[in-house]
Amino acid sequence: MKNLLAALCLMATAFTGVAQPDLSYYLPDGVTYNPAIPTPKSIIGHEVGEWHVSHDRLVTYMYAVANASDRISIQETGRTYETRPLLLLTVTSPKNHARIEEIRKQHVQLTDPSASASLDTKTMPNVVYMGFSIHGNEASGSNAALAVIYHLAAGQGPEIEKLLDDVVILFDPSFNPDGLHRFSSWVNSRRGMQISADPYDHEHNEAWPGGRSNHYWFDLNRDWLVAQLPESQARAKSFHAWKPTLLTDHHEMGTNATFFFQPGVPSRNHPLTPEKNLQLTRRIGEFHAKALDKIGSLYYTQEGFDDFYYGKGSTFPDVQGAIGILFEQASSRGHAQESVHGVLTFPFTVRNQFTTALSTLQAAQAMREDLLNYQREFFRNNMTEAAKDPVKAYVFGSGQDKYRSHHLAEIIARHDIDVFKLSSSQTLNGKRYESDGSYIVPLNQKQYRLIKSMFEKRTRFQDSLFYDISSWTLPLAFALDFDEVKASPANLLGDKFDAAKKPLGKIIGGKSEYAYVFETYGYYAPRALYRLLSKGIRVKVANNEFHHSDGKKFASGSILIPLGIQEKSIDLVEYIIKEIATEDGVDVYAFNTGLDYVGSSLGSNNFATLREPKIALLVGEGVSSLDAGEIWHLLDTRFHIPVSLVPIDVFNRINPDGYNTIIMPTGSYNSLSDATKEKLKTWVQKGGVIVGQKTALNWLTSAGLGKFDMKKSEPKDQSANPKPYADIAFTAGAEAISGAIFEIQADLSHPLFYGYTSSRIPVFKSGGLFMERSKNAFGNPGTFTANPLISGYITRESLDKLKNTSFAGSSSLGQGRVVGFTENLAFRAFWFGSNKMLMNAIFYGHTISSGASR
């Protein structure tokens, strides 16, 4: 009754001011609470939902509750880029806490087919992982976490005590601390005492980039599998330490929606997810439906979303013997906002999240044995399926770039998968795998399905709609060779992979008095190059082959450091050369002569002088924050190259002469003024380089700065093939390229592709840009092949458009260059294979011949 009265009060006051309910609005009827446990208000200073909790106050409350309750322990599992703590609370009964490590080890044994048969699931507690607000501006989850943890800590009576005997809860109150704090600061600083529900109010319209993402503007809910970010790495470690049977992921969606819980659209599940997962998810959904029915909330469950990409929080568990549950609550995006259902208040959104958190625990308790038995059965079946699979292992590697192989091995090993170095060099299907730099992953492991999902190439699908990408074959993302091993891999297994043992380079030939050279095949060659340029060392890049006196051939793109022309001390050069070998894993060769009768002598004009990049990355309204953040992260954290993040409105006002490189991520750029267009033309003519990605190419073309013409989509006459009105959304969605893997043919003699060893390179493509080929024979350095699809979904019509189109090119304007790529080269931080193209454009763009212009 008290919840009904509070709801009526909220509705009655929607247009005259929003009433703030107290804690009882969220809590279930008939439960008494321990007064020794502090309420949220007593610690954070306001009622749950009255203000958006800031992350620091959320942390303070979590520690206060943990210190006051013998049901809770708390640990810091990591730190964000902004050094905010990542917390994990373990919530269970005091008697379970007394033997918590024993419970953890026993539970993990369920995932070990060699040890799980002896376990009695009738006596084992269930393990549930509850996580909130991975998108920082979907804040009802983390605010609900305040009420949930209070209820679990303070609730009294046999019902909750039995629940905590039966379940161990791993409780993460904020998956995304940096985003949550950014968003709470925004909405709280724009909240009046009289709350505005006007959708046009400043509170409901965040400034770019918004609070959804983490520090580097990544969507953390796409990083569970590849785990390139500290928040994800901490979560993965906790997940694998416990192996929960159920994981919840609390989100928000559009203001005019209602509430969603899984299973979602059944036909959009990944084929590697067992059918029983869907059955259990539906049973769990019945608990949510009952709870939401009780409080009168609208919801839906099989009419949207999917469970295909294993990099999302609600799908990641599905391939690992657990059930992932996505919750999506209509968002007030502030404290109250008008919607088609009336004024949607923040407390109302918090209550729905609180309610389904509790219904999750009810399901986990009621289905305890079923979930535990399913987990055991899942991993047993994995071993059975692995034994039947004709493929026994996957080998991957690169003899030229050990770091890319190392980083892929890191991703795989992070997920409780055994990875081994090759015991000896092998030739498989005509490809050479050197023992130093190649790895093997046996399939006869409990994570069989997860391994398959990482390596499989798939082009056939049950459904043509995807909420996210349709393929993520990891060796292709790293542009590594990989092969299936059909025989027993036992004799191929070398030492187990050790992430701490980083690849090291060598200085070959000792100390030189003449020059040093290194090849750019290595992933961290751009970092090595920047080390030199940033210290004022004069450096050249080879535009032709040349040779060492011992006969070794060096390809175009190799880096030359002549000693005789340096103004800096040779001791400084020697110091940096040693850093390059030890820190960047790059081999450096000593040259004692510049003479080469076979190729180019070191003093010829086939070597171009390089300059230190001074980079402006355009950001702000109209620019994709995701794409911009990925580029920023790549330059800043991997290659240690400083970059200025310049908002478009600021760029309109400044003189860009302090930069020599401007990067334009995908975006509209309509707010760049006509004066700025002219300013940019002058800047490029004086030697500046613009690097554009995706839709930025449209603006560059329209502004007269480049020639990146796209194929036009002509509307088809479909009058002879009428379709039902109900299929409009489905048809539009099916035509989209959500994200798939394609092959390009690259000219390895072109500066944009220096450092690559194969002319056929896998690239990630999303969206519908198809760039016309240049009529200049030298103007198409990278083109999609005649049969480009490697893995993923694309319609036949779009595939036909894509064939033989241009992927990359450049235009000349005076002394400068404008370089364009149709795709994102730093996709989600795990597409290592195309990063080099972006770095080549930055370092070598100004050296591209005007004769190669589009």
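Analyst: Strands here are DSSP runs of E with at least two residues, helices are runs of H or I with at least four residues, and both are numbered from the N terminus; two strands count as paired if DSSP finds at least two bridges between them. The model is a predicted one, in which local features need pLDDT of at least 70, side-chain atom pairs count only at pLDDT 80 or more, and totals for chains, interfaces and linings use all residues. Residues are numbered from 1 along each chain as its sequence is written, and side-chain values use heavy atoms, with hydrogens and water left out.

On these terms, five strands form an open sheet in the order 17-12-16-13-18, with antiparallel pairing. Its edges are strand 17 (481-485) and strand 18 (493-496), each of which pairs on one side only. From one strand to the next the twist averages 35°, where axes are lines fitted to C-alpha atoms, for helices over the stretch in contact, and angles run from 0 to 180 degrees between N-to-C directions.

Within this sheet, strand 12 (residues 393-397) and strand 16 (residues 438-442) run antiparallel and are joined by five bridges, and Val-395 has Ile-440 as its bridge partner in strand 16. Helix 13 (residues 402-413) packs on the sheet, touching strand 12 and strand 16, contact meaning heavy atoms within 4.5 Å, and the direction of helix 13 makes about 145° with that of strand 12. Helix 14 (residues 448-455) also packs on the sheet, where it touches strand 12, strand 16 and strand 17, and its direction makes about 45° with that of strand 12.
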